[in-house]
Amino acid sequence: MPRTRPPAGFVAIGDGIYISLASTNGAATNEPAPHVILIFGWMGAQTRHLQNYTRPYAELYPNATQILVKCGPSFIYTSERRKKKRLLPVVDVLQALNCLPAGTASAKDVNRVRPRVLIHAFCTGGCTQLTALGRLLSSKYPSVPPSEHLVSGLILDSCPATSDVCTIYAAFRSTVPNLVTRCIILAFVYLVHAIRLCLSKAFGKEMMVMEHLKMQLLRPRLLPWMNAGTPRLYIFSEKDELMPWKEVQQHAESGKKAGLNVRCELFEESGHVAHARLDPKRYWASVQDVWEVACREGQSDGADSAAMKTKNAG
């Protein structure tokens, strides 16, 4: 990914990966703020676009550290090894922020790792990075059990839905302005798409990139701080030309049937990843609502767990 200037208030820690540490001057609030906000940008999103989200987050939760992960057009179709290598700085920072246990941590120490983490992923690019980070953390911490008291929330903006040839072309047309580069990338993408389509017909839907991605997003423990009770908010629109809203809604319904804690915010007039721009008040109110639910339900689970321990001890 070409080197670009970090967003205001951020410093680069990797290729297209930036961090903004929590403000020490943030005022205390009644509701507990996230310790960390993980933002996975959509494919080709420019810094000025992503600042429309990092700035409101800094205003809402000044005591939170933000980690911003940008997505280049090549990330979706690059190898698994390269995906994980690029995301290693995120893992290093999360461990430094005590969101992950040290490599020598005992099971008792692991249960003390109880960070409050809010995850915000945009479109296919953001979801691809999110699930890649999940696989990386699972491989680095295979024996880490889930903590007893989890406070986390997941926001999926304009995703997920299956991409056909037309939507793939539209996505790359808007993110790769150079015609020659775009043609080369699209030729490769179409080839991979055709091969996977043939394989899916022969061996099943899981061979398709987007179908596999959609299946991964339904995992209860997508990241170490998540479980089936983690509130998941789908933000999408009827006017999104790249991500058909009925497919996004279908994925949300599948999550509900699987026992996940799902809620939806369906816009009527906004375009692809443009919901916050069309109605910022409604958008950020829904973000705050899902985080309040995460805090409330996480605290409730923690109280129930403590009561059970006391009962068993007696």
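## Strands, bridges and the overall fold

Two strands pair if DSSP finds at least two bridges between them. That idea runs through this report on a predicted model. In this model, L154 has R232 of strand 7 as its bridge partner.

The protein has 314 residues, and 49% of them count as buried. It holds 10 helices and eight strands. Among contacts with a separation of 6 or more, 78% are between residues 24 or more positions apart.

What is the order of the strands in the open sheet? The order is 1-2-4-3-5-6-7-8, and the pairing is mixed. Strand 1 (11–14) and strand 8 (261–267) stand at the edges. Each has a single partner strand, so one side of each is left without a neighbour in the sheet. On average, neighbouring strands are turned by 20 degrees against each other, direction ignored.

Strands of a sheet pair through backbone hydrogen bonds, either parallel or antiparallel. Both senses can be found here. Strand 2 (residues 17–20) and strand 4 (residues 65–71) pair in the antiparallel sense, over four bridges. Across this pairing, I19 stands opposite I67 in strand 4. Helix 2 (residues 80–96) packs on the sheet. Helix 2 touches strand 1, strand 2, strand 3 (36–43) and strand 4. The direction of helix 2 makes about 175 degrees with that of strand 4.

Now follow the parallel pairings. Strand 5 (residues 116–122) and strand 6 run parallel and are joined by seven bridges. Next, strand 6 pairs with strand 7 (residues 231–237) in the parallel sense, over four bridges. In this pairing, I155 stands opposite L233 in strand 7. Strand 7 then pairs with strand 8, again in the parallel sense, over seven bridges. There, R232 stands opposite V262 in strand 8.

Is strand 6 enclosed or open to the outside? Seven of the seven residues of strand 6 (residues 151–157) are buried, so this strand is largely enclosed by the rest of the structure. In a regular strand the side chains alternate between the two faces of the sheet. Strand 6 shows both directions. V151, G153, I155 and D157 point one way, while S152, L154 and L156 point the other way, and all are buried.

Strand 7 is mostly covered too, with seven of its seven residues buried. On one side lie P231, L233, I235 and S237.

V36 is found in strand 3. Is V36 buried or exposed? Buried means under 20% relative accessible area. V36 has 1% relative accessibility, so V36 counts as buried. What does V36 touch beyond its neighbours within four places in sequence? Its contacts are T65, I67, L94, L97, C99, R116, V117 and L118. S20 is 16 residues away from V36 along the chain, and their C-alpha atoms are separated by 9.9 Å.

The largest nonpolar core has 76 residues. Within this core, L38, I67, L130 and L133 touch the most other members. Take L133 as an example. Not counting residues up to four places away in sequence, L133 touches L38, F40, L87, V90, V91 and L223.

## Aromatic rings

How many aromatic pairs does the structure hold? It holds eight. One of the pairs is Y283 with W284. Their ring centres are 5.3 Å apart and their planes stand at 70 degrees, so the pair is edge-to-face. For that label, the planes must be over 60 degrees apart. Both Y283 and W284 are buried.

Y283 and W284 also belong to one aromatic cluster, together with W42, Y53, Y57, Y61 and F122. A ring can also meet a charge. The charged end of R282 sits over the ring of F267, 4.0 Å from the ring centre.

Methods. Residues are numbered from 1 along each chain as its sequence is written. This is a predicted model: local features need pLDDT of at least 70, side-chain atom pairs count only at pLDDT 80 or more; totals for chains, interfaces and linings use all residues. Side-chain values use heavy atoms; hydrogens and water are left out. Rings of Phe, Tyr and Trp (its six-membered ring) pair if their centres lie within 6.5 Å; planes under 30 degrees apart count as stacked, over 60 as edge-to-face and the rest as tilted. Buried means under 20% relative accessible area, exposed over 50%, partly exposed in between (1.4 Å probe, protein chains only). A charge sits over a ring if NZ of Lys or CZ of Arg is within 6 Å of the ring centre and within 35 degrees of the ring normal. Helices (H or I, at least four residues) and strands (E, at least two) are DSSP runs, numbered from the N terminus. Axes are lines fitted to C-alpha atoms, for helices over the stretch in contact, and angles run from 0 to 180 degrees between N-to-C directions. Contact means heavy atoms within 4.5 Å. A nonpolar core is a set of buried Ala, Val, Leu, Ile, Met, Phe, Trp, Tyr and Cys residues joined through side-chain atoms within 4.5 Å.
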